[in-house]
Amino acid sequence: MDKNILSRDGTSLAYESAGRGSVVVLVSGAMSTGATVAPLAAPLSERFQVVVYDRRGRGASGDTAPYAVEREVEDLAALIEAVGGRASLYGVSSGGALALRAAASGLPVRHVAVYETPYAMSAEDLAERARYGERLTAALAEGRRGDAVELFLRLTGLGEDVIQGARQSPMWAGMESIAPSLAYDDAVMGDGGVPRELLAAIRVPVLAIAGDASPAWMREAARAVVESVPRGTYRTLEGQTHMVEPDVLAPVLAEFFAR
């Protein structure tokens, strides 16, 4: 990240941009930094000015206590102001929930596209999210960052052998370093359910995308987003999972953002 701006509360945000044209800001999800979504910037930058940033508490960005979801919306407001005053947003996973919140709050946004925002689609899943939130809060309060990462990986459906293998990998230290930001994504997701009232306040076009190789509830969640916003479009991507291929996703986003 080669540039920095200050958010409203004084937090330093690191970002970079590439390309020319109307602005598209990429918003990463949990356990990720701007570098995670950067591969998507390359194909999109052929038609747009694409902005990638580290959300607060991650990568080269700073952090200021106490956390509130409103501070992350202010971060996006400051970023949009710095790159021209108006932008389209793309958010992946819980980053999609943040992008939707930003649009609902009235930020100067042209379009919002989200990929597999993981809203819970059953009472059982809502209860699991509540248990996860409680255990995550306890683990972070006690400084058990590794346990916090494990809780998140379990929530995503990874098996115990995969999780224990990850613990032994060189990536684990980096995962532990941004573990406190898991609480931020948990806050962005609210109670985990589809925030229909909030989504109904979004006045710009919304594209909700899911992979047809992902679990069915991911597609249900994407459809629920579209049903809740005034101007929504639903798309599936053939053969794609939650780890969507940038070269498959980029043309779909480019078509939508060019409208």
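Strand β3 (residues 23-27) and strand β4 (residues 49-53) pair in the parallel sense over four bridges, where pairing requires that DSSP finds at least two bridges between two strands. The model is predicted, with local features needing pLDDT of at least 70 and side-chain atom pairs counting only at pLDDT 80 or more, whereas totals for chains, interfaces and linings use all residues. Residues are numbered from 1 along each chain as its sequence is written, and side-chain values use heavy atoms, without hydrogens and water.

**Sheet**
- Helices (H or I, at least four residues) and strands (E, at least two) are DSSP runs numbered from the N terminus, and eight such strands form an open sheet of mixed pairing in the order β1-β2-β4-β3-β5-β6-β7-β8.
- Because β1 (3-6) and β8 (232-237) stand at the edges with a single partner strand each, one side of each has no neighbour in the sheet.
- Within the β3-β4 pairing, Val 23 has Gln 49 in β4 as its bridge partner.

**Helices on the sheet**
- Helix α1 (residues 34-44) packs on the sheet and touches β3, β4 and β5 (87-92), contact meaning heavy atoms within 4.5 Å.
- The direction of α1 makes about 175° with that of β4, angles running from 0 to 180 degrees between N-to-C directions of axes, which are lines fitted to C-alpha atoms, for helices over the stretch in contact.
- Helix α3 (residues 94-104) lies across β3, β4, β5, β6 (109-115) and β7 (206-211), and runs at about 150° to β5.

**Helix pair α1 and α11**
- The axes of α1 and helix α11 (residues 246-257) come within 9 Å and cross at roughly 55°.
- Residues of α1 that meet α11 include Leu 40 and Leu 44, and their counterparts in α11 include Leu 249 and Leu 253.
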